[in-house]
Amino acid sequence: SKQSDVWKIIVSKGAQLGLTELGNNWIGSIIDINPGPTIMVMPTEDAVKKNSRTRITPMINSCPSLKDKIKEVGAKDAQNTITSKSFNGGVLLMIGANSPVGLSSTPAGNIFLDEVDRYPHSAGGEGNPLDLAEARASTFSNKKIYVISTPTNSGESIIESEFLEGDQRYYNVPCFHCGDKFVLKFAYLTYDENDPESTRMACPSCGGLHEEKHKT
């Protein structure tokens, strides 16, 4: 929230777990109840345009409180395009990490950096895209930065290094048997020999087993 002292959240995650959608919902809440200049950065400009068409625009159109605040692309007095949405009190700029002009030109107190491990090492020779984007928030006392990615190779991964600089929290799940919470690890998997279908997750506290049907 705006009142929280936390100003940066880093999530190293698996693929297709809904963390981009969480960022899109954060953007929706900014437009609706906490307006301010906002930047969303994705690996490429093509990815930005696809996300705008398939996620941001449908979110705006399906939510009356957002649709009333942003005029449709093509409207006579609209100040909006596929990659820029203006609203009272702020603007949303959606930028590809390969665009040095976009990353270095506009201050913003809210920064959403998506799939950072797929960013180019340098934005057109201007420097690290992550550093360029975060510098846009440096003058805001209540800045919020959300960084997510599926990690690539250890030692080379941007999200890994970002995660290690934070307080390194892990997602815990409760054991169905003893109630203790634990982190899912490959070391806790057990299965019958030559039968991968029998794979179960064992609680490190009590040894209780959890089957595939319990995962959701």
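**Figure 1. Salt bridge between arginine 200 and aspartate 192 in the predicted model.** Arginine 200 pairs with aspartate 192, and the closest N and O atoms of the two are 3.2 Å apart.

**Figure 2. Salt bridge between glutamate 115 and lysine 13.** The side chains of glutamate 115 and lysine 13 meet with an N to O distance of 3.3 Å. This pair links distant parts of the chain, its two residues being 102 residues apart. Glutamate 115 belongs to the loop between β5 (110-114) and α5 (129-135), while lysine 13 belongs to the loop between β1 (8-12) and α1 (19-33). Both glutamate 115 and lysine 13 are buried.

**Figure 3. Salt bridge between glutamate 212 and lysine 215.** Side chains of opposite charge can pair when their charged atoms come close. Here the side chains of glutamate 212 and lysine 215 meet at 3.3 Å, N to O. Glutamate 212 and lysine 215 are both exposed.

**Figure 4. Glycine 28 in helix α1.** The relative accessible area of glycine 28 is 8%, so this residue is buried, the limit for that class being under 20%. With residues up to four places away in sequence not counted, glycine 28 touches Met59 and Leu66. The C-alpha atom of glycine 28 is separated by 34 Å from that of glutamate 212, and the two residues lie 184 residues apart along the chain.

**Figure 5. Asparagine 51 and its contacts.** Asparagine 51 is part of helix α2, which spans residues 45-62. Its relative accessibility is 5%, and asparagine 51 therefore counts as buried. When neighbours within four places in sequence are left aside, asparagine 51 is in contact with Thr20, Asn24, Met40, Met42 and Ile56.

**Figure 6. Aromatic pair of phenylalanine 182 and tyrosine 188.** A pair of aromatic rings is described by the distance of the centres and the angle of the planes. The model holds four aromatic pairs. In the one formed by phenylalanine 182 and tyrosine 188, the centres are 6.2 Å apart and the planes stand at 65 degrees. The arrangement of phenylalanine 182 and tyrosine 188 is edge-to-face, because planes over 60 degrees apart are classed that way. Phenylalanine 182 is buried, with a relative accessible area of 5%, whereas tyrosine 188 is partly exposed at 24% relative accessibility.

**Figure 7. Other arrangements of aromatic residues: a cluster and a lysine over a ring.** Trp26, Phe112 and Tyr146 make up one aromatic cluster. Lysine 143 lies over the face of tryptophan 7, and its distance from the ring centre is 4.5 Å.

**Figure 8. The largest pocket and its lining.** The space in the largest pocket comes to about 1,800 Å³. It is lined by 45 residues, of which Leu17, Tyr170, Tyr171, Val183 and Leu184 are the closest to its centre. At least two residues of the lining are supplied by each of β1, α6 (158-164), β7 (173-174) and β10 (195-202).

How values were computed. Residues are numbered from 1 along each chain as its sequence is written. This is a predicted model: local features need pLDDT of at least 70, side-chain atom pairs count only at pLDDT 80 or more; totals for chains, interfaces and linings use all residues. Side-chain values use heavy atoms; hydrogens and water are left out. Helices (H or I, at least four residues) and strands (E, at least two) are DSSP runs, numbered from the N terminus. Buried means under 20% relative accessible area, exposed over 50%, partly exposed in between (1.4 Å probe, protein chains only). Contact means heavy atoms within 4.5 Å. Rings of Phe, Tyr and Trp (its six-membered ring) pair if their centres lie within 6.5 Å; planes under 30 degrees apart count as stacked, over 60 as edge-to-face and the rest as tilted. A charge sits over a ring if NZ of Lys or CZ of Arg is within 6 Å of the ring centre and within 35 degrees of the ring normal. A salt bridge is a side-chain nitrogen of Lys or Arg within 4 Å of a carboxyl oxygen of Asp or Glu. On a 1 Å grid over the protein atoms alone, a cavity is a set of points where a 1.4 Å probe fits but cannot get out, and a pocket is an open set with protein on both sides within 12 Å along at least five of seven lines; lining residues have an atom within 4 Å of a point. Grid points are joined across faces, edges and corners, and a volume is the space filled by probe spheres set on the points.
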